[in-house]
Amino acid sequence: MAALDQDTGPPSTGATLPSRVGPRGDGHLHRRFFIGPMPEKMLSVSSVVGDAIRRADANENDSLSRAMDSHAFHFFMLQGGKLANWNDDTRAHVRTNLIRSWRENDWVRRFQRRSGAADRHPTRWSGCTFEIGNLLGVNILDKHPEAANDPSAAEVCDHAASAAAATSSMAAGGTYVTAPANPCLPSPNRSLSPLSEGSGNDIHSSSLAPLLSASATALSESSGAGAAALQRPILKKDFLTRKEESLGHVVQSTTVFDRGITHTPSVQTPDAGSSAQDVVHENQIVDDLPSGGSPAPPDDVLARAGHETAESSAGATADAQSRQPRDDELVLRDRMLVRVSHTKLEGLSKCFDEVQNRYTSKLHYEDWAEFIVVWRGQRIEIYEDYTTPGKEFFTGHKKLAFLIPLTSLRTSVSLYSFTDHTFCILCPPTSTHEHSKARALFHRSKEGTNVFIFKVKSRSRAQDWIWRLWLHLGGQIPPSIDISCPIIDTRLKLDIAAEDIVNLDRAYGTFSVQKIINLVRQSMISADGISSVASRDWKCVIEQQLQTGKRLELNWRLEAQLDWVWQTEDVQGSARPWAVLSGLPLNQGRRGSHLEIRIAEHFPSLVHLPDGTRMDEPPGVEGYLDRIKPQGQTRQPVYISTRDGNLVALAPRDANPPSPPTTHLAYIIDGQTDAGLYAKNLFQHEVQRGATQIGCAYGVMDLKNIQSVKAAVPADSVAQDGDLPVNEDEGGVEGLAKVQNKQRLRLRRSFEIVLATGPVIHMEAYSCRDCLEWVDKLQALIIYWTYRHREDAALEMDVSYTLNRRPRVTPQLLKCHSGNSCSAPPELPSDSGASLPALASLYHWCTLSDCKSIIKCGRVFTRKGLRGQYILSHLILVSGRLIQFHVKQKAALYHRLSRDICLLDAYVCSGYLAALALPREEFDLNSRNPPRRYGDGLEAHEPEEDTLFMIWYRKTQNSNTKGSGGGDAIPALSAKLKTVVFRTRNKVERDAWCWALGCEIDKLVRKNGDREHRLREIGALMNISRP
């Protein structure tokens, strides 16, 4: 990614941006301070600023007052004001405060004393410490509460209020509940019936919501066929407690807030004369039954036509046949990494995944290679480059390497790995008419099975392939889908109308993200059809967070891995109406994924200290310093910036400092810039600026490895003769000229960074005041990020042991508060079906929403190529590339490795596939995996293959990851790919890295749409007849 030009000034205000200030309405704060002055040569817009300031001072009542008046309301709302309190008096008061802040601003006074650009000096320093984005006392980068303007949220509340007043409907022999089919269109004839609470099944006071017996039913929009037809009887309460009716595991009754307390879910048993067979699901009712209850005559059924068969099996068959592509119709075409293998066995499981692959013997493998994969008609064609030069020119098409018949009953598709979204197709060997002797097994064999494993660059594109192939090969939408809310340990069952199962267009319109979220909110808020405990927990936990500006999102979860539903358009810009439903076939082997609704959490910004004190993330810092080297006491100018627990070191020429407050003031005063739009552009500019700084850094230091930061001369030390007070030090050369003992003043401006490994780094600030600011702010950051890393390590271990069902390497010893004679209770057993609400911290929305400069960072063992020695590296993932720094034990800084990994043409592969790519002597399936313990307390006991992932990439010349991609050459299919092998500490870390890399590649594919189109369309296809 190219560095930002310092002379471009502030960000442009003409871009299309979200409607909220800062990140997407629910992002965390991004407070940062620039400490000390900056060189005047870096003030690229100082002439513009000076002219604006002088014009404002010369005619205050004209430009300045008018600008402050026009932006008074905006600043009033940013400060937390309420619309009801806004009037003329408030406007005048806010305008007066803004003008006073303008006059008292130190940066403005400095420009008033100078004549602008003509007076700039390349070695002169100007300005003082300021908060980035702070404009006249208000940080325009922060998210502030505003008046609610989301019509969908208001609709949900209105519908919930109306549903709360609805009457209950009771059915004989049991309790049934119903919900409106469309949460956006409330109907007086449809209500949610409250569940009766038996005297012997009451839930005691807890924060746990039990397994819901309510069903948020019939998501489809009804066409007004009458209230009786719209009412959909749902399951009895005890019906939902059966494991076989759930897509995932049954929700545990253990509270997510206190794991030491368990509660029994309220389950109403059937009457004595009833049984489980008496419970009828609406989707199990035969639609062909007439009103009399007896089956229709066969002749009448066969005579049906048109709309009469729409909801019957005949209609489903007709609809499926209408979706079958024509012989020459091109359905999908992509460039993929493919691994082909063959076995003489024909009884492979249709749910073939990496676990099945590991235990399948006698597989003949080919190495990974890049192909053009085309789904055309009833077949999938796989093309490669000809090995003979010039043959493609004469034939007019690429070489057809493999053929997959979709009409064969032995052809099946399955998800190979949820971690990297590779998928697998099994099919019989099929001739391509261009086969070679080396591949005779794949083409000429009359027995056996071909196994194709596909890796698409984009995760969402892989989901599109799996979804459409799954439907084509007979997959069907189930009659109901479970959706769970992990934060309150609750599950709902969403019943699907019969017409939605048959008609995909209706199902796509029904299963939109917002409709499902609205339906769940309505059902939970109304307290009709659900238990009072679940409704109470929802209101106390979820709704309270939504009131602070957070939002709900949907995700599919498989064990400890999340995949958010976040892309509503495909890589070509077309709509993806199956964005929610595409998670149905994402079942890896016998492990099924299930739908969840969660708060869209961003990266955690608080920790709890050992004494229970809550500590919020301190603001980051950056600025110019001089590093004092031990040899000869020479000074090396350096620019230091802290980013997500990393202390980044840059050369001053690559500093890319923030825009000073005067820049923002000038653009606001000119009267031509909207303050809200400017703030949004400034936020994006700051995120990109941070990524640019990391891309230009020559060294990085982990803040948790710093033992302490202290001033060379403590502030409470005894003052010597001639020492100036801290606030009287002007700084720089001017301050040194006013004292006799210059060495003493330099020492008072210096501070030390003591590393945990022993080395000490000496830094000198511009002034004594700046030195104290650096010490205070760095020390706070060190404390926070030390505990942040510990909490993250504890979370990873909790998740790992919860799902792996194995005891901890070091058993937990619980504290006992009742004396020495008490015995601590044993640790609760692991449970692979636990709700794990903390997973949102590992799979946070900062990765998806581009609200942070660093997408992900951490230590990983890396190796260039398939052979060689692993080295410990500190990886930082920024927009478009993965940057590596070499970690050495005694080094003060982790110096940057020469190679960056460009993700523009990258593929990520993990697990058993990555292990198979290693040399045979390095990977042994039967090798022992001893337990491991790391410095931050993390313990792991996973096999080696669960910690591996690989990246295949190309060193793209002049690659543009911002979106144009017009000048990039299109590499050939046979072009060599570079390989980097990574080994994490445990499986949870590996999965999180693969997800973050996959999401970033997904965004790159969309940013470079033109280039990706040319990659997919490279080469012509062969004109072959239907096999």
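Modeller: Since this is a predicted model, let us begin with a term: pLDDT is the predictor's confidence in each residue, from 0 to 100.

Biologist: Where in the protein is confidence lowest, and where is it highest?

Modeller: Confidence is lowest in helix H7, residues 227-230, with a mean of 31, whereas strand S24, residues 646-650, has the highest value, at 96. Over residues 144-295 the pLDDT is below 50, and this stretch has 284 contacts in the model beyond near neighbours in sequence. The pLDDT is also below 50 over residues 963-967, where nine such contacts are found.

Biologist: What is the mean pLDDT of the protein?

Modeller: The mean is 75, and 69% of the residues reach 70 or more.

Biologist: Turning to strand S14, how should I read burial there, and are its faces covered or open?

Modeller: A residue is called buried when its relative accessible area is under 20%, and in S14, which spans residues 449-456, eight of the eight residues are buried. Both faces are covered, with Thr449, Val451, Ile453 and Lys455 on one side, and Asn450, Phe452, Phe454 and Val456 on the other.

Biologist: In which sense does strand S7 pair with S14, and over how many bridges?

Modeller: Strand S7, residues 330-343, pairs with S14 in the antiparallel sense over eight bridges, and the bridge partner of Leu337 in S14 is Lys455.

Biologist: Which residue in S14 does Cys427 stand opposite?

Modeller: Cys427 stands opposite Asn450; strand S13, residues 422-427, and S14 are paired in the antiparallel sense over five bridges.

Terms used
Residues are numbered from 1 along each chain as its sequence is written. This is a predicted model: local features need pLDDT of at least 70, side-chain atom pairs count only at pLDDT 80 or more; totals for chains, interfaces and linings use all residues. Side-chain values use heavy atoms; hydrogens and water are left out. Buried means under 20% relative accessible area, exposed over 50%, partly exposed in between (1.4 Å probe, protein chains only). Helices (H or I, at least four residues) and strands (E, at least two) are DSSP runs, numbered from the N terminus. Two strands pair if DSSP finds at least two bridges between them. Contact means heavy atoms within 4.5 Å.
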